[in-house]
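Here's a quick briefing to read alongside the model. Have the sequence and the 3D view open as you go.

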Protein chains: 2
Amino acid sequence: MEKAVLITIGDEILSGNTIDTNSNFIAAELKNIGIKVIQIFTISDEVETIKNTLKIAFETGDLVITTGGLGPTRDDKTKKALAEFFDDEIALDEVTFNHLKGYMERRGRADILERNREQAFVPAKSVVFQNHYGTAPCMMMEQNGKLSFSLPGVPYEVKPLIKDQIIPYLQGRFSLHYIHTRIVSVVGIPESILADIIEDWELALPGNLALSYLPVGTRVKLRLTASGDNETILKQQTEDEIQKLLPLVKGHVIATSEDKIEQILAEMLTEKQMTIATAESCTGGELAKMITSVPGSSKHFLGGVVAYATEKKVKILNVSQETVDQFTVVSEQVAQEMAKGCQELFDSHISLSTTGVAGPGKGEDGKEVGTVFYTIRVNEKEVTSKLYLPHLERVDFMDFVAQKVIQDLVGLLISG
Amino acid sequence: MEKAVLITIGDEILSGNTIDTNSNFIAAELKNIGIKVIQIFTISDEVETIKNTLKIAFETGDLVITTGGLGPTRDDKTKKALAEFFDDEIALDEVTFNHLKGYMERRGRADILERNREQAFVPAKSVVFQNHYGTAPCMMMEQNGKLSFSLPGVPYEVKPLIKDQIIPYLQGRFSLHYIHTRIVSVVGIPESILADIIEDWELALPGNLALSYLPVGTRVKLRLTASGDNETILKQQTEDEIQKLLPLVKGHVIATSEDKIEQILAEMLTEKQMTIATAESCTGGELAKMITSVPGSSKHFLGGVVAYATEKKVKILNVSQETVDQFTVVSEQVAQEMAKGCQELFDSHISLSTTGVAGPGKGEDGKEVGTVFYTIRVNEKEVTSKLYLPHLERVDFMDFVAQKVIQDLVGLLISG
């Protein structure tokens with residue numbers, strides 16, 4: 001199997017200013033065509049460091065992909081490092097220059113600055129993949145059958161370059177092995193107990209199948225990865241193993257294919273032809289965001305309300321002021337009334353509500369930071385739960401609660 | 001200045017299954033106490049690979065922090081690698097075992113499994129930092145004045161370990177240099193033109209100040225990082241340089257301190273004592289999520305509606321059905337009516353609305369994927385804009401639009 005090494009160039013990652021999402025995207029895309037990422041280096045924007053890392057990367061990888069360190073400003077040293085490493089000269093590439101000119105003219109910038117013109121200078125031996133969404137071109141270099149691709153760092157530019165140009169190129173270039181992955185999502189069994197339960201099964205897996213445990217909140221994703229030459233055989237092999245696994249974790253499996261809980265939910269809602277709406281307080285829109293992040297969600301998601309101020313819970317969601325006065329706004333009772341009001345407002349089969357204190361300050365009624373009540377209402381049935389998560393930071397808290405609510409809903413829909 | 005190397009251990013990162021957010025968090029925390037991350041390695045969970053990477057890391061770093069590769073399941077090889085690398089034995093640590101027992105009893109699991117008991121086995125020379133939010137302890141090793149910390153990979157466990165235990169320890173241990181960072185956010189000038197405008201200023205910066213360009217959507221963040229021994233001098237130096245910079249980019253600066261646009265907005269709203277509400281369609285809750293992700297946002301955010309289905313726009317936001325029929329739901333007119341309806345519903349000073357087609361399928365009225373109209377309404381004034389972003393994937397589209405809307409609002413509030 002071809003092995004790839006990724007190099008992320010940029011002080012903004014090392015300083016903790018930016019999260020590297022490019023590596024994740026590239027690794028997933030490569031995996032789909034059977035190329036395995038064996039290492040990721042994140043390094044600073046210095047010529048010597050880049051050259052040294054290229055050297056180390058080519059010792060183990062057949063393919064090296066760099067992102068970052070290209071752009072119109074002065075903190076970009078990748079091209080120089082590439083030219084020195086591959087013993088090449090930097091020269092103006094006419095095709096790239098014309099592409100760049102067209103790109104900028106379409107954006108109403110008739111004068112090409114010297115700084116942008118410099119972007120059309122590339123190592124003379126490089127093959128250029130034009131960037132349709134930015135000014136830095138992607139350069140491919142080749143040596144002894146090994147390839148390097150150098151891309152800019154902006155994710156919106158990286159994604160189309162990888163997906164539309166580099167992946168098709170690699171597929172044509174290599175006769176690739178196949179990788180097949182299946183994920184089984186298990187809830188209600190702690191990771192360590194789960195490992196004990198499935199130990200014998202795991203030890204008996206064929207050599208070309210590997211298992212990983214990925215805990216996500218209170219869910220554990222079991223990922224089975226198979227590699228080999230024949231796609232049909234791989235799929236069959238994986239399916240066979242999953243059929244042996246399922247009886248061992250019976251009643252705890254919420255999905256056997258999809259990865260993300262919101263996608264699992266979307267499939268269920270489509271299958272059951274049910275609609276959903278949300279009424280959020282402490283999750284601040286995250287529940288709606290998660291549900292709508294799935295393509296096609298407009299078929300089942302009718303809408304949501306983020307009722308942050310208490311009076312809006314009363315006005316829009318029809319929560320009774322008496323209930324708030326009696327039980328406080330962060331209470332089981334308010335969560336229930338929010339869900340009921342939401343179901344009525346949107347006329348949906350399902351409604352979800354959250355009310356809690358995300359922190360860092362205490363809630364207006366003095367409830368402890370990290371307390372949350374949420375209600376899941378499916379037709380006439382409803383379940384209200386409480387969570388206490390004082391150790392989570394604000395955004396993590398919002399994410400965790402939203403994940404948990406959707407996970408619980410999936411659990412409810414499975415059990416009937 | 002102390003230099004740190006981070007090692008992320010885990011096939012789930014290399015396979016593109018999980019985004020590494022730990023490195024970002026750790027790098028930012030270390031930077032705050034003057035420790036610079038010079039490299040990040042992401043590697044697979046194999047004893048030899050971990051040992052080799054530790055070796056390379058210690059060649060340049062004074063401090064190595066590993067995350068991942070610890071946990072109750074069998075794909076964890078970090079401890080073995082640590083013991084071999086530091087020429088140590090693995091032994092049961094009684095204190096850790098008792099901590100673990102207490103941790104599990106509090107969670108209602110009286111029986112300690114063999115698999116969990118193994119988690120109390122650590123390299124004999126290690127100093128253990130107990131994990132209060134999980135079962136894998138954090139181990140510190142020391143050799144020739146250099147330190148390594150090995151943490152589990154779960155972000156909710158990493159954050160408190162770093163913040164509450166490791167950072168205070170490092171502060172006590174090293175006499176640290178200071179790092180001071182300021183970010184100036186500029187809008188309306190492309191990166192390349194900006195670089196030309198401020199070139200002379202940049203070249204004249206003192207040697208201990210470094211400038212980075214961080215493009216985020218249509219905004220460019222200029223980050224000035226100063227390092228040195230005296231915190232007061234650093235702050236003054238940075239402030240002096242920013243005062244020289246500001247006249248050069250006059251009229252384009254939206255913030256001179258905060259980093260995130262939603263934080264900038266929060267400060268402005270607090271200062272102006274204005275309230276805000278949202279009416280979203282294609283951003284699906286992301287606008288509300290961004291605004292509420294800032295601590296204290298309950299003071300100005302009254303609430304939001306995610307009106308996904310057209311009929312809900314009519315019912316809840318008072319959009320006229322005639323307008324929808326005449327102009328389609330993805331139109332300037334509907335965006336305007338959504339914003340107006342939202343302002344009335346929540347009785348807020350400001351309202352924001354979005355209506356568009358996030359894709360991948362075309363909208364119900366046949367509008368092209370990537371088209372969005374958004375309205376910003378401040379008291380009686382309103383501005384409606386259109387974006388066309390066909391190249392963005394669904395979630396990126398939602399994020400980009402939400403960022404742009406808030407950025408535009410900030411611009412509007414600045415200009416009066």
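Is B:Tyr169 buried, partly exposed or exposed? B:Tyr169 counts as partly exposed, at 27% relative accessibility (buried is under 20% relative accessible area, exposed over 50%, partly exposed in between, with a 1.4 Å probe and protein chains only). This is a predicted model, where local features need pLDDT of at least 70, side-chain atom pairs count only at pLDDT 80 or more, and totals for chains, interfaces and linings use all residues. Residues are numbered from 1 along each chain as its sequence is written, chains are lettered from A and ligands numbered from 1 in the order written, and side-chain values use heavy atoms, leaving out hydrogens and water.

**Aromatic pairs**
- The whole structure has 17 aromatic pairs over all chains (ring centres of Phe, Tyr or the six-membered ring of Trp within 6.5 Å; planes under 30 degrees apart are stacked, over 60 edge-to-face, the rest tilted).
- One of them is A:Phe400 with B:Tyr156, edge-to-face at 5.4 Å centre to centre and 70° between the planes.
- That pair crosses between chains, from helix H16 of chain A to helix H7 of chain B (helices are DSSP runs of H or I, at least four residues, and strands runs of E, at least two, numbered from the N terminus).
- A:Phe400 is buried at 12%, while B:Tyr156 is partly exposed at 21%.
- B:Phe129 and B:Tyr169 also sit edge-to-face, with centres 5.7 Å apart and planes at 85°.

**A:Arg223**
- A:Arg223, in strand E11 of chain A, is buried yet has no salt bridge (a side-chain nitrogen of Lys or Arg within 4 Å of a carboxyl oxygen of Asp or Glu).
- The nearest side chain of opposite charge, B:Glu12, is 5.8 Å away (Lys and Arg count as positive, Asp and Glu as negative; His and the chain ends are not counted).
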